[in-house]
Amino acid sequence: MLRAEGVLKHYDRLRGSSNYFCALQKLDFALEPGRVTEITGRSGSGKSTLLNILAGLLRPTEGKVRLEQTDLYALPDGELSRLRNRAIGVVPQGQTGLRSLTVLENVLLPWQLYSRGHAPAARARELLERVGIADLEQVRIGELSGGEMRRMAIARALIMQPAVLLADEPTGDLDDENTAAVLRLMRDTAREGTAVLLVTHEAEAARYADAVYRMEAGALSLQAAK
């Protein structure tokens with residue numbers, strides 16, 4: 001389980017000033033294995049801020065984030081990076097990848113960073129098949145469309161079979177058919193035991209979610225649960 005305990009995030013508007021912007025109001029929040037949790041809300045409401053805090057990428061102003069019993073932000077940077085690589089898959093909102101590598105090499109990159117032995121090329125190809133870009137495995141990512149880049153990032157986030165998957169707008173740039181395929185993959189990933197978080201504006205996502213939250217002005221509220 002990934003749990004946020006008393007987490008909040010604010011930014012000083014002026015160094016040394018008491019005037020600050022609250023990006024995330026204090027909250028407790030948990031992601032459970034085998035469940036898909038959706039967070040929706042307007043742009044700028046704090047959704048991505050929470051996701052990045054849960055991912056160990058953005059230190060909260062207050063509070064703790066625990067993966068099981070491990071406090072992410074109590075770890076040295078190197079240990080946190082290794083834990084994140086092994087246990088937390090992240091699909092970022094932007095289009096990310098190393099342009100010097102092929103699609104297949106980008107998907108395998110998390111494995112190459114810390115792991116030993118043979119890279120799981122068969123799993124990488126299976127994931128590329130499931131997101132509909134198996135025929136592009138030897139293409140350099142500079143040649144991909146925005147939607148293809150997004151699907152490559154999803155496959156890359158899943159290559160290590162993470163305990164937690166945090167996906168920020170994973171269906172952005174996708175047509176209806178590929179949106180449905182990605183959402184089914186998120187549902188299947190949860191069914192295999194992963195805790196899945198979808199941060200999305202996609203209306204169809206609620207059909208695949210076990211719980212739907214809404215973020216407004218940094219405050220999180222439960223909208224529906226199954």
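Start with Ala4: its bridge partner in β2 is Phe29. That link belongs to a set of 8 bridges joining β1, residues 2–12, to β2, and these two strands run antiparallel. Keep in mind as you look around that this is a predicted model.

Now step back from that pair to the sheet around it. The sheet is open and has 4 strands, in the order β2-β1-β4-β5, with antiparallel pairing. The edges are taken by β2 (20–31) and β5 (70–71), each of which pairs on one side only. To find a helix that goes with this sheet, look for α1, made of residues 47–54.

Next, the empty space. Rolling a probe the size of a water molecule over the atoms shows where such space is left. Here the largest pocket has a volume of about 400 Å³. Its lining is made up of 15 residues, and the ones nearest the centre are Asn85, Ile88, Pro110, Leu113 and Arg156.

Which elements each supply at least two residues of that lining? They are α2 (77–87), β6 (88–91), α3 (103–114) and α5 (146–158). Among the contributors, α3 gives the most, with 4 residues. As for what kinds of residue you'll meet in the lining of the largest pocket, 10 are nonpolar, 3 are polar and 2 are charged.

Methods
Residues are numbered from 1 along each chain as its sequence is written. This is a predicted model: local features need pLDDT of at least 70, side-chain atom pairs count only at pLDDT 80 or more; totals for chains, interfaces and linings use all residues. Side-chain values use heavy atoms; hydrogens and water are left out. On a 1 Å grid over the protein atoms alone, a cavity is a set of points where a 1.4 Å probe fits but cannot get out, and a pocket is an open set with protein on both sides within 12 Å along at least five of seven lines; lining residues have an atom within 4 Å of a point. Grid points are joined across faces, edges and corners, and a volume is the space filled by probe spheres set on the points. Ala, Val, Leu, Ile, Met, Phe, Trp, Tyr, Cys and Pro count as nonpolar, Asp, Glu, Lys and Arg as charged, and the others, Gly among them, as polar. Two strands pair if DSSP finds at least two bridges between them. Contact means heavy atoms within 4.5 Å. Axes are lines fitted to C-alpha atoms, for helices over the stretch in contact, and angles run from 0 to 180 degrees between N-to-C directions.
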